[in-house]
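Q: Can you walk me through this one? I'd like the metal sites, the sheets and the aromatic residues.

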Amino acid sequence: MRVADSDYARYIPRPRLYRTHEHWRNETVKILRGYATCVAMLMIAMTASRTHAADVLDATIGTITPVVIDLRHRIHQFPELSNREFKTSALVAEHLRSLGLEVRTGVAHTGVVGIFKGDRPGPVIALRADMDALPVVEESTLPFRSLERSTYNGQDVGVMHACGHDIHTAVLLGVASTLAAQRNSLAGTVVFVFQPAEEGAPEGEEGGAALMLKQGVFGDLKPTAMFALHTTTDFPAGKIGYVAGAAAASADTFNVTINGTSSHAAFPELSVDPVVIGAQAVLGLQTIVARNLSAFEPVVVSTATFHAGVRGNIIPATATFGGTVRVFSPDARDLVERRMREIINGIAQAGGATADIDYRRGTPPLVNDAQLMEESVPVLKQALGSDNVVLTKPVMAAEDFSYFANEIPSVFLFLGVVKPGTTSGPNHSPTFQADDASIPVGIKAITSLVLDRMQR
Ligand SMILES: [Zn+2]
Ligand SMILES: [Zn+2]
């Protein structure tokens with residue numbers, strides 16, 4: 001059964017056709033009305049035939065998938081940068097309200113929180129999707145690719161869902177639809193967290209998971225488990241990956257200024273050369289991973305910028321360099337920061353210079369809850385088939401779901417999105433592209449985990 005077939009056919013994405021917000025909103029309302037009718041019909045059919053629970057879940061997901069795919073296309077075609085997810089959050093809030101959820105908007109700027117209550121009391125489970133896009137010009141072959149532009153830190157940029165957050169948002173909307181269709185048989189509460197600014201807020205702004213928690217996103221509710229997923233191009237649509245323990249790294253930044261003494265470059269003996277001292281410090285930092293940490297401890301120390309001087313015959317007074325540190329364990333994080341300070345200050349002192357070190361701790365490592373993961377994997381295998389649930393590797397990228405995972409036992413999964421028989425650029429690249437076929441897989445995975453928690 002498809003929702004409002006004639007209507008839906010009209011909305012198969014044709015880029016630039018529904019350009020205004022008002023037009024978009026009207027079309028969404030039409031689709032949602034058709035969808036609500038269809039879900040009601042499905043409920044009647046389900047009751048009449050007393051279908052087995054798994055078949056009911058499959059039937060429900062089959063019904064809502066075309067609608068959710070349409071929402072995904074709209075979100076993808078009109079991506080918005082971090083803390084600017086205005087149209088996306090309006091679409092999310094409207095969909096959640098149409099399902100009868102209690103909805104809060106404006107959380108951490110553009111975040112949306114939907115509270116779903118089953119007909120009977122039970123556990124509180126939280127789910128999270130991130131909604132923001134990246135300043136990337138899309139080069140995918142998708143018919144609904146983005147042509148949007150915006151301003152990022154003062155620069156004119158293209159905007160693209162190059163990290164697949166459109167898929168995450170669509171999957172969670174699909175989970176809400178699936179649970180709403182089964183409300184009368186469910187025991188418990190689900191908090192849907194649609195988060196802004198996972199990629200980081202613009203300069204001078206707060207945002208993301210940390211700000212949502214700071215603003216008390218859960219209110220009086222105390223979730224006992226939280227789930228999220230992220231697109232990956234490591235495997236095809238149809239598969240889900242999991243990692244026991246740490247799944248994503250921390251992301252700290254450092255900026256260092258070496259203060260020396262300027263001179264004519266022909267008379268280096270009159271200078272304290274910050275370029276040579278800075279270069280030694282950069283090389284010295286590489287010994288932290290090689291000499292201070294176990295070979296079994298995954299750590300990255302990358303110096304990504306180095307700036308000094310204005311012309312070749314002047315030794316400058318200062319040199320600056322900066323970069324990022326990625327670790328998986330709090331102990332390694334402490335050790336790296338301590339050794340960086342010792343090495344940089346020691347080398348600067350040896351050269352007669354001083355160093356100003358600005359080390360900032362950013363997103364913490366994302367660590368899955370061991371027991372929740374142990375209980376979740378069999379549920380996923382049952383729902384998707386054992387072959388489709390694969391043990392995978394952690395990533396050195398950071399993911400701010402870690403702020404939630406530090407407060408609530410959490411599981412973070414990887415959703416394969418590569419269309420079988422095709423290739424995709426990696427996340428954050430202009431040629432990243434995610435297959436719609438990953439959406440029902442994500443919906444089934446997360447819904448099955450929620451239903452399992454409710455039944456425990
Ligand atoms: Zn990303
Ligand atoms: Zn991402």
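This is a predicted model: local features need pLDDT of at least 70, side-chain atom pairs count only at pLDDT 80 or more; totals for chains, interfaces and linings use all residues.

Q: Fine. How many helices and strands does the chain have?

A: There are 11 helices and 19 strands.

Q: And what share of the chain is buried?

A: Of the 456 residues, 53% are buried.

Q: What part of the contacts comes from residues 24 or more positions apart?

A: Such residues make up 81% of the contacts in the chain that have a separation of 6 or more.

Q: On to the metals. Which residues coordinate the zinc ion (ligand 1)?

A: Cys163 through SG, Glu199 through OE and His428 through NE2, at 2.0 to 2.3 Å. Along the chain, the donors of this zinc ion (ligand 1) have the spacing C-x35-E-x228-H. Cys163 and His428 link distant parts of the chain, 265 residues apart. Cys163 sits in the loop between β5 (155-158) and α5 (165-181), while His428 is in the loop between β19 (410-418) and α11 (438-455).

Q: Are those two buried or exposed?

A: Cys163 has 7% relative accessibility, so it counts as buried. His428 is partly exposed, with a relative accessible area of 40%.

Q: What about the zinc ion (ligand 2), which protein donors does it have?

A: Cys163 (SG), His165 (NE2) and His230 (NE2), which lie 2.1 to 2.4 Å from the zinc ion (ligand 2). The sequence spacing of these donor residues is C-x1-H-x64-H. His165 is at 0% relative accessibility and therefore counts as buried.

Q: Sheets next. What is the strand order in the sheet of eight strands?

A: The order is β1-β2-β6-β3-β7-β19-β8-β17, in an open sheet with mixed pairing.

Q: Which strands stand at the edges?

A: β1 (102-107) and β17 (389-391). Each has a single partner strand, so one side of each has no neighbour in the sheet. From one strand to the next the twist averages 25°.

Q: What packs on that sheet?

A: α11 does, touching β2 (111-117), β3 (120-130), β6 (187-195), β7 (225-236), β8 and β19. The direction of α11 makes about 150° with that of β3.

Q: How many bridges join β8 to β19?

A: Two, and the strands run antiparallel; β8 covers residues 240-242. Gly241 stands opposite Phe414 in β19.

Q: There's a sheet of three strands too. What order does it have?

A: β16-β9-β18, open and with mixed pairing. The edges are β16 (366-367) and β18 (395-398), and each of them has a single partner strand, so one side of each is left without a neighbour in the sheet. β9 (residues 246-249) is joined to β16 by two bridges, with the strands running antiparallel. The bridge partner of Ala246 is Val367 in β16.

Q: What does β14 pair with?

A: Among its partners is β10 (residues 252-259), which pairs with β14 (residues 318-327) in the antiparallel sense over eight bridges. In that pairing, Thr257 stands opposite Thr320 in β14. β12 (residues 299-308) also pairs with β14 in the antiparallel sense, over nine bridges. There, Val299 is opposite Val327.

Q: Last topic, back to Phe414. Which residues are in its aromatic cluster?

A: Phe218, Phe401, Phe404, Phe412 and Phe414 form one aromatic cluster. With ring centres within 6.5 Å as the cut-off, the count comes to five aromatic pairs.

Q: Why is the pair of Phe412 and Phe414 called edge-to-face?

A: The planes of the two rings are at 85°, and the centres are 5.6 Å apart, so the pair is edge-to-face. The cut-off for that label is over 60 degrees between planes.

Q: And are Phe412 and Phe414 buried or exposed?

A: Both Phe412 and Phe414 are buried.

Notes. Residues are numbered from 1 along each chain as its sequence is written. Chains are lettered from A and ligands numbered from 1 in the order in which they are written. Side-chain values use heavy atoms; hydrogens and water are left out. Rings of Phe, Tyr and Trp (its six-membered ring) pair if their centres lie within 6.5 Å; planes under 30 degrees apart count as stacked, over 60 as edge-to-face and the rest as tilted. Buried means under 20% relative accessible area, exposed over 50%, partly exposed in between (1.4 Å probe, protein chains only). Donors are N, O and S atoms within 2.8 Å of the metal (3.2 Å for Na, K and Ca); water is not among the atoms, so sites may look incomplete. Helices (H or I, at least four residues) and strands (E, at least two) are DSSP runs, numbered from the N terminus. Two strands pair if DSSP finds at least two bridges between them. Axes are lines fitted to C-alpha atoms, for helices over the stretch in contact, and angles run from 0 to 180 degrees between N-to-C directions. Contact means heavy atoms within 4.5 Å.
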